[in-house]
Amino acid sequence: MTEQAMLPIVSLPLPTDLVTRSETLLSNVRGCIVTDPDSFIRAGRLQVSLRKMISDLGIACNEGVKPYHSQWKEACGKRDEILAPYQIEDKALAAQLIEYKRSEEERTRQVEEILHEETGETVSLAGPPKINGLAFVADYDCEVIDFMALVKAVAGGKAPLAVLQPNSVELRKLARALRETFNIPGLALIRFEAVKRTGGKAS
């Protein structure tokens, strides 16, 4: 039988090795600062490991949640408490990766422009390093800037009725589905960069 260890949330026992690995990983992530190509790659690898750990912890916690159907809300709350610090660090690490990538891309663009002005030739320099297991993708959301205009859009068949809640989940689904073609009165498309795990193993 697998040995179990208790996290501070005592109602959800977790395998000892998973607890040890997760706490070590969390400590490493909290100490990670993206400042150069090497730390960028290290942070990316940590991000891949962190996403995998969140999945593993979620699965392990769900096993502990199952017996508590009569106390489902409480048990799910305990699961969320366990996952929360990892999810917070995942979000913070992703922000560091995106910011570093943007700054490096801008720096590279500026250098390319200077070289073009000096030589008259088009120069293409390498951007930020690639990270196995991660991809930087365009993501979408939107916000209501004119609710009455949105109501008219729904009345005119330009938007689904579900967005009048306003339902943030439906609005984001719509933004992701329409992407750059998003054009609904009363809503403004928000484009931002996100970090997506590709399934590759951190190397």
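I began with H1 and helix H2 (residues 37-65), which pack at an angle of about 145 degrees with their axes 10 Å apart. Helices here are DSSP runs of H or I with at least four residues, strands are runs of E with at least two, and both are numbered from the N terminus. The axes are lines fitted to C-alpha atoms, for helices over the stretch in contact, and angles run from 0 to 180 degrees between N-to-C directions.

I noted that this is a predicted model, in which local features need pLDDT of at least 70 and side-chain atom pairs count only at pLDDT 80 or more, whereas totals for chains, interfaces and linings use all residues. Residues are numbered from 1 along each chain as its sequence is written, and side-chain values use heavy atoms, with hydrogens and water left out.

I then looked up the handedness, and H1 passes H2 in a left-handed crossing, a term for a near helix turned anticlockwise from the far one by less than a right angle, with clockwise giving right-handed. On the H1 side the contact (heavy atoms within 4.5 Å) is made by Leu18, Arg21, Ser22, Leu25, Asn28 and Val29. From H2 come Arg42, Leu46, Ser49, Leu50, Met53, Asp56, Leu57 and Ala60. By class, I recorded eight nonpolar, three polar and three charged residues in the contact of H1 with H2, where Ala, Val, Leu, Ile, Met, Phe, Trp, Tyr, Cys and Pro count as nonpolar, Asp, Glu, Lys and Arg as charged, and the others, Gly among them, as polar.

Next I turned to helix H1 (residues 16-30) and helix H3 (residues 72-119), which pack at about 35 degrees with axes 10 Å apart, and their crossing is left-handed. Here Ser22, Glu23, Leu26, Val29 and Arg30 in H1 meet Pro85, Tyr86, Glu89 and Leu93 in H3.

Which residues does serine 22 contact, leaving aside its neighbours within four places in sequence? I found Met53, Leu57 and Tyr86; serine 22 lies in helix H1 and is buried, with a relative accessible area of 1%. Buried means under 20% relative accessible area, exposed over 50%, and partly exposed in between, with a 1.4 Å probe and protein chains only.

Leucine 50, in helix H2, is buried at 0% relative accessibility and touches Leu25, Val29, Tyr86, Glu89 and Asp90, not counting residues up to four places away in sequence. The C-alpha atoms of leucine 50 and valine 29 are separated by 8.1 Å, although the two are 21 residues apart along the chain.

I also checked glutamate 89 in helix H3, and it counts as buried because its relative accessible area is 17%.

The largest share of the lining, five residues, comes from H3, and the lining has five nonpolar, no polar and four charged residues.
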